[in-house]
Amino acid sequence: MATKNVTDASFQQDVLDSEKPVLVDFWADWCGPCKMIAPALEEISEELADQVTIAKMDIMENPEVPGQIGVQSIPMMVLYKNGEVVAQKLGAAPKSQLKGWIESVL
């Protein structure tokens, strides 16, 4: 399963109400590090499809949710479990580190 695009309108249903943990990658088109980690997140979403949903939220098109949770720098990855924030990671990292971090907090 590829990464899922989430919007301000779909955030409640796609993330907070999800039965499976959801990692939300807050990003923007102008963000170089965001583009660097995008292929890794796509691969991880395939590899861990049965354990976690990986979602992406464009902060320029969807300012409401990032504003509410205080996203000030990107890429910012926030892992939600049962509608609650359980972990956050700021900045780009190699795929192995991203996957290890996700697995460690699941």
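This is a predicted model: local features need pLDDT of at least 70, side-chain atom pairs count only at pLDDT 80 or more; totals for chains, interfaces and linings use all residues.
A salt bridge is a side-chain nitrogen of Lys or Arg within 4 Å of a carboxyl oxygen of Asp or Glu. Residues are numbered from 1 along each chain as its sequence is written, and side-chain values use heavy atoms, with hydrogens and water left out.

Six salt bridges are found in the whole structure. One of them joins the side chains of Glu47 and Lys95, at 2.6 Å from N to O. This pair links distant parts of the chain, with Glu47 in helix H2 and Lys95 in helix H4 (residues 95–105), 48 residues apart. Helices (H or I, at least four residues) and strands (E, at least two) are DSSP runs, numbered from the N terminus. Glu47 is partly exposed because its relative accessibility is 37%. Lys95 is also partly exposed, at 25%. Here buried means under 20% relative accessible area, exposed over 50%, and partly exposed in between (1.4 Å probe, protein chains only). Salt bridges with shared partners join Glu43, Glu47, Lys95 and Lys99 into one network.

A salt bridge also connects the side chains of Asp25 and Lys56, at 2.9 Å from N to O. Distant parts of the chain are again linked: Asp25 lies in strand E2 (residues 22–27) and Lys56 in strand E3 (residues 53–58), 31 residues apart. Asp25 and Lys56 are both buried.

Lys35, in helix H2 (residues 32–47), forms a salt bridge with Asp29, the closest N and O atoms being 3.8 Å apart. Lys35 counts as partly exposed because its relative accessible area is 47%. Lys35 and Pro75 are 40 residues apart in sequence, yet 9.0 Å apart in space, C-alpha to C-alpha.

The structure holds one aromatic pair. Phe11 belongs to helix H1 (residues 11–16) and Tyr80 to strand E4 (residues 76–81), 69 residues apart. Both Phe11 and Tyr80 are buried. Rings of Phe, Tyr and Trp (its six-membered ring) pair if their centres lie within 6.5 Å; planes under 30 degrees apart count as stacked, over 60 as edge-to-face and the rest as tilted.
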